[in-house]
Amino acid sequence: MVWIDQDLCTGDGICEEIAPDVFEGRDDGLWVVKEVDKHFDSTIVFDAGEGEGHGPEGSRGVARVPDSLIDDVIESAEECPGECIMIEPYDERIMSERGV
Ligand code: SF4
């Protein structure tokens, strides 16, 4: 699973260049994580936006990473100049809180 600490994000977009199915630039120039329906049941962007398809940002907005993209996400975290891409083991508790 992965989340971004937006307080540290420099807004360069390197993460999205490496893993565009996991990272997305937000209107304010900071990057957020997402799950896309290509890999999961539905698309959710953890951008603190309103309504369906949006989730909280920061440490409360933790996205699952498809197995096929784990290496790309690790590379993104290694390349991230803000050192703000946080990778965590899969957590069933987080998913049950989301009702998934
Ligand atoms: S690579 Fe890191 S600092 Fe750059 S946009 Fe992505 S999260 Fe932000």
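Two residues are in contact if their C-beta atoms, placed from the backbone, lie within 7 Å. Keep that cut-off in mind for the stops below. One more caution before you start: this is a predicted model.

**Stop 1: the whole chain**

Show the protein chain as a cartoon. Look for three helices and five strands. Trace them along the sequence and the pattern reads β-α-β-β-β-α-β-α. The radius of gyration is 12 Å, close to the 13 Å that the globule rule gives for 100 residues, so the chain is as compact as a globular protein of that length. Along the principal axes, the C-alpha atoms fill a box of roughly 35 × 30 × 25 Å.

Now colour by burial. Of the 100 residues in the chain, 28% are buried. Then turn to contacts with a separation of 6 or more: residues 24 or more positions apart account for 54% of them.

**Stop 2: the open sheet**

Select β2, β3 and β4. These three strands form an open sheet in the order β2-β3-β4, with antiparallel pairing. β2 (23-25) and β4 stand at the edges with a single partner strand each, so one side of each has no neighbour in the sheet.

Zoom in on β2 and β3. Three bridges join this antiparallel pair. Pick Glu24 and look across to β3: Val32 stands opposite. Follow the hairpin between the two strands, where five residues make the link. Gly29 in this hairpin takes a positive phi near 85°.

Select Glu35 and find its bridge partner in β4, Ile44.

Is β3 enclosed or open to the outside? Five of its five residues are buried, so β3 is largely enclosed by the rest of the structure.

**Stop 3: the nonpolar core**

Select the largest nonpolar core, which has 20 residues. Val2, Ile4, Cys15, Val22, Val33 and Ala63 touch the most other members. β1 (2-4), α1 (14-18) and β3 (31-35) each supply at least two residues of this core.

Centre the view on Val2. Which residues does Val2 contact, leaving aside neighbours within four places in sequence? The set is Val22, Val33, Ala63, Val65, Val73, Ile85, Met86 and Ile87.

**Stop 4: the ligand**

Around it are 15 residues, and the closest are Cys9, Cys15, Trp31, Cys80 and Gly82. Colour this shell by class: 10 residues are nonpolar, four are polar and one is charged.

**Stop 5**

Select Asp71 in helix α2. Asp71 counts as exposed because it has 12 C-beta neighbours inside 10 Å. Asp71 and Ile18 are 53 residues apart along the chain, yet their C-alpha atoms are separated by 10.0 Å.

Move on to Pro81, in the loop between α2 and β5. Pro81 is exposed, with 11 other C-beta atoms within 10 Å. Leaving aside neighbours within four places in sequence, Pro81 is in contact with Thr10 and Asp12. Draw a line from Pro81 to Met1: the C-alpha distance is 20 Å, across 80 residues of sequence.

Glu83 is found in the loop between α2 and β5 (85-87) as well. Glu83 has a positive phi of about 50° although it is not a glycine. Its 11 C-beta neighbours inside 10 Å make Glu83 count as exposed.

**Stop 6**

Select Ala48, in the loop between β4 (44-45) and α2 (70-79). Ala48 is another residue other than glycine with a positive phi, here near 65°. Is Ala48 buried or partly exposed? Ala48 is partly exposed, with 16 other C-beta atoms within 10 Å.

Finish at Tyr90, in the loop between β5 and α3 (92-98). Tyr90 counts as exposed, with 10 C-beta neighbours inside 10 Å. Now show Met1 beside it. Tyr90 and Met1 are 89 residues apart in sequence and 5.5 Å apart in space, C-alpha to C-alpha.

Notes. Residues are numbered from 1 along each chain as its sequence is written. This is a predicted model: local features need pLDDT of at least 70, side-chain atom pairs count only at pLDDT 80 or more; totals for chains, interfaces and linings use all residues. A residue is near a molecule or strand if its C-beta atom, placed from the backbone, lies within 6 Å of it. Ala, Val, Leu, Ile, Met, Phe, Trp, Tyr, Cys and Pro count as nonpolar, Asp, Glu, Lys and Arg as charged, and the others, Gly among them, as polar. Helices (H or I, at least four residues) and strands (E, at least two) are DSSP runs, numbered from the N terminus. The radius of gyration is taken over C-alpha atoms; the globule rule is 2.2 Å times the number of residues to the power 0.38. A nonpolar core is a set of buried Ala, Val, Leu, Ile, Met, Phe, Trp, Tyr and Cys residues joined through C-beta atoms within 7 Å. Two strands pair if DSSP finds at least two bridges between them.
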